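Me: I'd like a close look at one part of this model, the aromatic rings and the pocket beside them. Could you walk me through it in one go?

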Amino acid sequence: MVDYLGEIFSNHSDLKSIILFFHLSGLALGVGGAWLLDMLLFKFSKGLITKGKVDLIHFISNFVFVGLTLLWVSGLLFIAYYYLYTPDFIYNPKVWAKIAVVCVLSINGYFIHSYVLNKIEGGVGKSFFDIFSSADIKRLVFISVISFVSWLFPIVLGVSKTLNFDVPALTILSYYAGTLFVGLFVANAIVFIVMLTLKWNTSISALKAKQVKNGAASRRRLAAVG
């Protein structure tokens, strides 16, 4: 076993492949889990929150946590690998931009667990809009957009080999901030349209109910007169 590990560490390409495997696994778990969690929250917003739904949300969130952990561990291993074998890569601005994005992901993940999931867990038996106020929904949209964009961005950075050494980290992060801004604008526009549609449907339903009630009352009065 010791000889096998020694052979891996002596073969730089094998060692890098192993680190890359864990890195890609973390991305796959994180992206898949985070996007699925966003879709589940949207789907569950249409009905009552049940214990089964809460358990499913927690189950999926565990995949996101494992993915983020793998991303951190593999990222730090990559830095150690660069330091030992290819020191020039430590000065690659793209590496530090990616670390900054993962830091944002970690902070955002903390808020998802401490704020969003706790609220949902305490709202079993209630509707989504009983748990979250209008201000809460705006925060939820903000958190969801950060999650969606921040998980996608490291993938984009990973495949964009032309960014290596040529583009400053601040420039890359400005693109990241711009993508977040566009995502927030689009998401808020969609939420506004959905909320407006819900209010319109509620108003129509209330008007129809009132008309039915008034019609029934009129028929009763006519029956009494007759």
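Which residue lies over the face of Phe89, and at what distance from the ring centre?

Reply: That's Lys16, which sits over the face of Phe89 at 5.9 Å from the ring centre. Keep in mind that this is a predicted model.

Let's start with the ring that Lys16 covers. Phe89 is in the loop between α3 and α4, and with a relative accessibility of 30% it counts as partly exposed, since that value falls between the 20% and 50% cut-offs.

Now the wider set of rings. A pair of aromatic rings is described by the distance of the centres and the angle of the planes. Counting that way, there are ten aromatic pairs here. Take Phe78 and Tyr82: their ring centres are 5.8 Å apart and the planes make an angle of 25 degrees, so this pair is stacked, the limit being under 30 degrees. Both residues belong to helix α3, where they are four residues apart, or about one turn of the helix. Both are buried too: Phe78 has a relative accessible area of 9%, and Tyr82 has 12%.

Phe89 and Phe165 pair up in another way: their centres are 5.4 Å apart with the planes at 70 degrees, so they count as edge-to-face, which takes over 60 degrees. Phe165 comes from the loop between α6 and α7 (169-225), so its pairing with Phe89 ties together parts that are 76 residues apart in sequence.

How does it all join up? Ring pairs link Phe78, Tyr81, Tyr82, Tyr85, Phe89 and Phe165 into a cluster. So the stacked pair and the edge-to-face pair both have their residues in that cluster.

Phe78 and Tyr82 are among the residues nearest the centre of the second largest pocket, along with His23, Lys98 and Gly158. About 610 Å³ of space lies in that pocket, and 25 residues line it. Helices α2 (12-44), α3 (51-85), α4 (93-121) and α6 (134-159) each give the lining at least two residues, with α3 supplying the largest share, seven residues.

How values were computed: Residues numbered from 1 in each chain as written. Predicted model: local features only at pLDDT ≥ 70, side-chain atom pairs only at ≥ 80, totals over all residues. Heavy atoms only, no water. 1 Å grid on protein atoms, 1.4 Å probe; cavity = no way out; pocket = protein on both sides within 12 Å on 5 of 7 lines; lining within 4 Å. Points joined across faces, edges and corners; volume = space filled by probe spheres on them. Phe/Tyr/Trp six-rings, centres within 6.5 Å; stacked < 30°, edge-to-face > 60°. Buried < 20%, exposed > 50% of the residue type's maximum accessible area, 1.4 Å probe, protein only. Lys NZ or Arg CZ within 6 Å of the ring centre and 35° of its normal.
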